[in-house]
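User: I'm new to this structure and would like a close look at one part of it. Could you pick a spot, then walk me outward from there to the rest of the chain?

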Amino acid sequence: MLNIRISILSPTGKLFTQGYILKTIILGQMLSLFICGTAVTSQYLAEQYQVNTPMFQSFINYSLLLLVYTTMLAFRTGNDSLLQILKQRWWKYVFLGLADVEANYMIVKAYQYTTLTSVQLLDCFGIPVLMALSWFILRARYKLIHFIAVAICLLGVGTMVGADILAGRQDSEGSDVVIGDVLVLLGASLYAISNVSEEYIVKNLSRVEFLGMVGLFGTIISGLQLAIVEHKDIMKIQWNWKIALLFTVFALCMFGLYSFMPVVIKVTSATSVNLGILTADLYSLFFGLFLFFYKFSGLYILSFVVIMVGFILYCSTPTRTAEPTALPQPVGAGLDNAALKIEENDSETLAGTVQFTREETVVVSTN
């Protein structure tokens, strides 16, 4: 029996799309809150206790990933075991770990050379880089509405930066603006590489493999860099329970961010996630109103709304994945293979699905 099923979107499909958008918004804002937690604790350590140890803080996070996810890989057997993964693709994860570690370090280091405005604006450079990498590596194909949505999100970021300037949050000119701006651009590009790699791994391999390998090589790389560039700063820390608590909260937020982001990327995309977390700076600012006595501006609310509108617009239309081009087959061989396939599967059911714009389902059956 040959069964050909032709199905299309129904009103329930529309409801599913609305539910998907709502789910994407919630997941994205949860990631933003994790990022907000890391930003607030880092700033509190810097301003209240003069503790500036970004590499040490990253080292703690990678160590937690190592203890949890690399240990899980160590207990696996077969092709998904830790030894097999290291044998097959260890060098790829070395580059991924290096990109992730240096992206974190460069963005934080840039604040010492350039202004808050430059960091906020240039950090958005990672989004077009991410889209370009997704186009070539993940074969993602965008529509006009996606580019419009990204432009709206970036407009929201520009509104936020304008609000910072009007509210007096603009810092001094910095010791070397050019070096700071270059660090931001490099860090944003490395973040894009890391995120695209993460999307590929969690959708084609596994979330545990990604986190386990990043934890392993991230711990090694950040540990070496820590010993070189930050050992003196760590020795100067005047430890007390408040500082220890801030380090603990930072580590938990960062660990939660790394653990949860692959889950969100798997159901959405790296580009969608990066658009959603643009609101993280706004959450940090809202906390700063009470902790650091920032001045409030109505433009912050406007920027949040603009970013969310762009984010929802982007999620409202799915991207498509381009299929790899198939090599042409000889005519004779193709006919012979087709005939052989029909003979082998004579009693099996062949099903195909075609999507139409009309809201109906048609089923055609032949014997």
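Analyst: Let's begin at Arg139, which sits in the loop between helix H5 (126-137) and strand E2 (140-141). Keep in mind that this is a predicted model. Arg139 counts as partly exposed, because its relative accessibility is 34%. Its backbone deserves a look too: phi of Arg139 is near 60°, a positive value in a residue other than glycine. Why point that out? Most residues other than glycine have a negative phi.

There's another residue of this kind to look at. Gln50 has a phi near 55°, again positive in a residue other than glycine. You'll find Gln50 in the loop between H1 and helix H2 (54-74). With a relative accessible area of 59%, Gln50 is exposed.

Now for the wider setting. The chain has 14 helices and 4 strands. Of its 367 residues, 44% are buried. Take the contacts between residues at least 6 apart in sequence: 90% of them join residues at least 24 apart.

Leu27 is in helix H1 (residues 11-49), and it counts as buried because its relative accessibility is 13%. The C-alpha atoms of Leu27 and Val273 are separated by 8.7 Å, although the two residues are 246 residues apart along the chain. Setting aside neighbours within four places in sequence, Leu27 is in contact with Phe260, Val264 and Val267.

Ile234 gives a second example, this time in helix H9 (residues 231-235). Ile234 and Thr53 lie 181 residues apart in sequence, yet their C-alpha atoms are 7.0 Å apart in space. Thr53 is also on the contact list of Ile234, along with Phe56, Leu226 and Trp239, once neighbours within four places in sequence are left out.

Look at Leu65 for a moment. Not counting residues up to four places away in sequence, Leu65 touches Thr70, Leu211, Val214, Gly215, Phe255, Tyr258 and Ser259.

Next, how do the helices pack? In general, two packed helices are described by the angle between their axes and the distance between the axes. Start with H2 and H3: they pack at an angle of about 160°, with axes 12 Å apart. The pair is therefore roughly antiparallel. H2 passes H3 in a right-handed crossing. On the H2 side, the contact uses Pro54, Met55, Ser58, Tyr62, Thr70, Leu73 and Ala74, and these meet Leu82, Ile85, Asp100, Val101, Asn104, Tyr105 and Val108 in H3. By type, the residues of this contact divide into 10 nonpolar, 3 polar and 1 charged.

Now turn to helix H12 (residues 280-291) and helix H13 (residues 298-316), which pack at about 155° with their axes 10 Å apart. That angle makes H12 roughly antiparallel to H13. The crossing of H12 and H13 is left-handed. H12 brings Leu282, Tyr283, Leu285 and Phe286 to the contact, while H13 brings Tyr300, Ile301, Ser303, Phe304 and Ile307.

Is Ser284 buried or exposed? At 13% relative accessibility, Ser284 counts as buried. Apart from neighbours within four places in sequence, Ser284 is in contact with Cys36, Ala39 and Val40.

Terms used: Residues are numbered from 1 along each chain as its sequence is written. This is a predicted model: local features need pLDDT of at least 70, side-chain atom pairs count only at pLDDT 80 or more; totals for chains, interfaces and linings use all residues. Side-chain values use heavy atoms; hydrogens and water are left out. Axes are lines fitted to C-alpha atoms, for helices over the stretch in contact, and angles run from 0 to 180 degrees between N-to-C directions. Helices (H or I, at least four residues) and strands (E, at least two) are DSSP runs, numbered from the N terminus. Angles under 35 degrees count as roughly parallel, over 145 as roughly antiparallel, 65 to 115 as roughly perpendicular and the rest as oblique. A crossing is left-handed if the near helix is turned anticlockwise from the far one by less than a right angle, and right-handed if clockwise. Contact means heavy atoms within 4.5 Å. Buried means under 20% relative accessible area, exposed over 50%, partly exposed in between (1.4 Å probe, protein chains only). Ala, Val, Leu, Ile, Met, Phe, Trp, Tyr, Cys and Pro count as nonpolar, Asp, Glu, Lys and Arg as charged, and the others, Gly among them, as polar.
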